[in-house]
Amino acid sequence: MLPACKENDMPDLIRIHPKDNVAVALHTVAAGTVFEGVTAQMDIPQGHKMALTSIQDGAQVIKYGFSIGHATAEIVPGQWVHTHNMATNLSGEMTYTYEPDIQHLPPLPARTFRGYRRKDGKAGVRNEIWVIPTVGCVNDVAKALVRENQDLVSGSIDGLYTFTHPFGCSQTGEDHAQTRKLLAALTKHPNAGAVLVLSLGCENLTQEQFLAELGEFDSKRIKFLVCQQVSDEMEAGRAMLQECAAFAGQFQREDIPASELIIGMKCGGSDGLSGITANPVVGRFSDMLVAQGGSTVLTEVPEMFGAEGFLMNRCINEDIFQKAVEMINGFKAYFIRHNEVVYDNPSPGNRQGGITTLEDKSCGCVQKGGTAPIMDVIGYGDTVVSKGLNMLYGPGNDLVSATALTAAGAHVILFTTGRGTPFGAPAPTMKLSTNTPLATKKAGWIDFNAGTVADGEKTLDASANDLMDAVLAVASGKLTCAEERGFREISIFKDGVVL
């Protein structure tokens, strides 16, 4: 666990864990600054690392109490530590041993939000009408139907949207199955009061396949239009959307326990403060929600590499542990199968923000998981069935993983960022800045500023409490910045060939 600093008592640098041999600059540190008796030998940019001890060539660089790589040259106290003098330790698959370290959280009374109770008993935080294309060939029809039927958005209906994509045809095997599974999961999402499934008619994702994937469904809630089977798809689509609006319009907001919320957790455009401010704030929020009986979902498997020690032994039993091992090593095998190195990360923007190796990035990334036991590990396109903290198979890519979180049933997604990004998933996507300059500069992108922790204005716990209030407000209807701009899209995971 990261230390909770006292309000208004934040130094310019922080040693995250007592075992660390580097400190992180909370703000740009000038040469000559003294921290824990060590003098900065040069300017240290915000989010970057300064050596607190001598680190010999080949010795481990310790941050968060874990090794984040090794020195590639001798590093003296006060020196800047980054890509010029350290490198990753990661290689391929690993063997893991289950050594349970499970801390059950004391229960908290569940708060409430104003949501929509669905016919099947599930809760939604939006009452939207979604048009789901089963194939990219009808994307423009879907967009036209949405554009020309905005008059149906009235009363308790929050919006009419479509989520276009290029797939649904010319795919085989696992890719075809993943597309079908993910689109079916989105169709069943409780944030949609009604759904129009739009097909062309000759694609290899047939209506029969889609119906089989859906299983039981409410025919009043989900409508199907095959464009090749009607003379005027716009006229037929309008009639079906009118039926969707009549069905969705009967739902009204009501008080629902926060224990029914599922919150996705994601980071992107990370920097050296991500694992110190925004991610641990989300981790403490996650613990708070889980303690109320709610659920959270952690994904981005490649950004767990090198930080498995934070997660694996928190699995509730050995069966879940084995599922976690298969997920981690399965993703490494996916990299190797495509002749990609496991550690080909972080991105240029991550490095500019102070993240040096994948272990460095991963140790900060998994802070979003808090301390709760891991109750389940679910596959891509699967939905959450276990209360508490879940792990989800998905890549680090922002759009792909945020789509997978939505498909898993996430009502709201918490997206931490040190660099900023404007995109939104189908589920309301709240952007949390790791630093105040970003929140100030990109106020049209950022929904919550966790940079107040680095500024010494808030403790991690106080910020997490504020975040709980902000999430419940969004769950009750407050629009995120991305929603206000109409930014929402999907991206589907692809592995194999396109025919």
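In which sense do β19 and β20 pair, and over how many bridges? The two strands pair in the parallel sense over four bridges, where pairing requires that DSSP finds at least two bridges between two strands, and I374 stands opposite L389 in β20.

This is a predicted model, in which local features need pLDDT of at least 70 and side-chain atom pairs count only at pLDDT 80 or more, while totals for chains, interfaces and linings use all residues. Residues are numbered from 1 along each chain as its sequence is written, and side-chain values use heavy atoms, with hydrogens and water left out.

Helices (H or I, at least four residues) and strands (E, at least two) are DSSP runs numbered from the N terminus.

The buried residues of α9 pack against α2, β17, β18, β20 and β21, contact meaning heavy atoms within 4.5 Å. α2 and α9 pack at an angle of about 55°, with their axes 8 Å apart; the axes are lines fitted to C-alpha atoms, for helices over the stretch in contact, and angles run from 0 to 180 degrees between N-to-C directions. L182, A185 and L186 of α2 meet T403, A404, T406 and A407 of α9 in this contact.
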